[in-house]
Amino acid sequence: MFIEPSIGQSSLKGKNGHVEVICGSMFSGKTEELIRRLNRALIARQKVEIFKPAVDKRYHDFDVVSHNENTIRSTPVQFANDILLLAGNCEVVGIDEVQFFDNQIVNVANILAKSGKRVIMAGLDMDFEGHPFEPMPQLLAIAEYVTKVHAICMKCGALASYSYRLSEGKDKVMLGEKDIYEARCRRCFYEDK
Ligand SMILES: Nc1ncnc2c1ncn2[C@@H]1O[C@H](COP(=O)(O)OP(=O)(O)O)[C@@H](O)[C@H]1O
Ligand SMILES: Cc1cn([C@H]2C[C@H](O)[C@@H](COP(=O)(O)O)O2)c(=O)[nH]c1=O
Ligand SMILES: [Zn+2]
């Protein structure tokens, strides 16, 4: 269980800016964990702003929605820099599907954290080919706190870190659910590649 570094420490308000990254494969619980942390910040009466890339409208235009239908309100934005304009004077910034942002998101996360905000981002660390999903490697490097979560392999029941694409498409960005992807462990991922 991740222990929040800045809950209940009002004396640190604006002084404890930092970056948290939650990463893993599809279905590993990234969005659930993001929503859990954001809800706890809201319970602590902190001012929270939540963003997602405008491209991700699988479940809902505005909400961040997990695969098991936990939801939290968000603002869809097209470019990483839009977050700087919209974050205002909040204390906590949440960002889901962060792998879909341009590389400027690294700079944005650093600026927000430097200004005293807690920045919590969730995203896929690898694409369907098992390659690092830019800009996640850079975000993982600048984060103070990294949490890697795991799904369950749909072939063998082991822990899964890979997102196996069931369809033929080779585009890096292909939105989808269980119809197109399944979580797999390393062995089962490479067995069928
Ligand atoms: N193969 C799987 N392994 C684990 N959880 C799964 C799997 N398939 C579906 N789920 C569901 O997905 C939920 C996690 O959803 P979510 O937080 O949206 O994941 P992510 O954001 O990492 O894709 C789990 O609580 C579970 O209900
Ligand atoms: C592996 C992979 C995934 N995607 C897409 C598929 C989904 O729409 C999202 C990931 O959502 P989740 O909350 O992590 O389940 O990304 C993609 O476009 N390209 C890929 O290689
Ligand atoms: Zn497996």
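Reader: Over how many bridges do S1 and S7 pair in the parallel sense?
Author: The model is predicted, with local features needing pLDDT of at least 70 and side-chain atom pairs 80 or more, while totals for chains, interfaces and linings use all residues. Residues count from 1 along each chain as its sequence is written, and chains run from A and ligands from 1 in the order written. Strand S1 covers 18-24 and strand S7 covers 118-124 (DSSP runs numbered from the N terminus: strands E, at least two residues; helices H or I, at least four). Their parallel pairing (at least two DSSP bridges) runs over seven bridges.

Reader: Which residue of S7 is the bridge partner of His18?
Author: S1 and S7 pair in the parallel sense. In that pairing, His18 has as its partner in S7 Arg118.

Reader: What stands opposite Cys23 in S8?
Author: S1 also pairs with strand S8, residues 145-149, in the parallel sense over five bridges. In S8, the residue opposite Cys23 is Lys148.

Reader: How many of the seven residues of S1 are buried?
Author: A residue is buried with 20 or more other C-beta atoms, placed from the backbone, within 10 Å of its own. S1 is largely enclosed by the rest of the structure, because its buried residues number six of seven.

Reader: Within what arc do the buried residues of H3 fall, seen down its axis?
Author: Helix H3 spans residues 104-114, and its buried residues are Ile105, Val108, Ala109, Leu112 and Ala113. They line one face of the helix, because the directions from the axis to their C-beta atoms fall within an arc of 125°.

Reader: Which helices are included in what covers the buried residues of H3?
Author: The cover (contact meaning C-beta atoms, placed from the backbone, within 7 Å) includes strands S1, S6 (92-95) and S7. Ala109 of H3 touches Val19, Val119, Met121, Leu139 and Ile142, leaving aside residues up to four places away in sequence. The helices included in the cover are H2 (80-86) and H4 (136-142).

Reader: Which element gives the most residues to the shell around ligand 1?
Author: The shell (C-beta atom within 6 Å) has 15 residues, the closest being Lys30, Thr31, Ser66, His67 and Ala151. Helix H1 (30-43) and strand S9 (151-152) each give two or more. With three residues, the element that gives the most is H1.

Reader: Which residues come nearest to ligand 2?
Author: Ligand 2 has 15 residues around it. Those that come nearest are Met26, Asp127, Phe128, Ser163 and Leu175.

Technical notes:
Buried ≥ 20, exposed ≤ 12 C-beta atoms within 10 Å, placed from the backbone. Contact = placed C-beta atoms within 7 Å.
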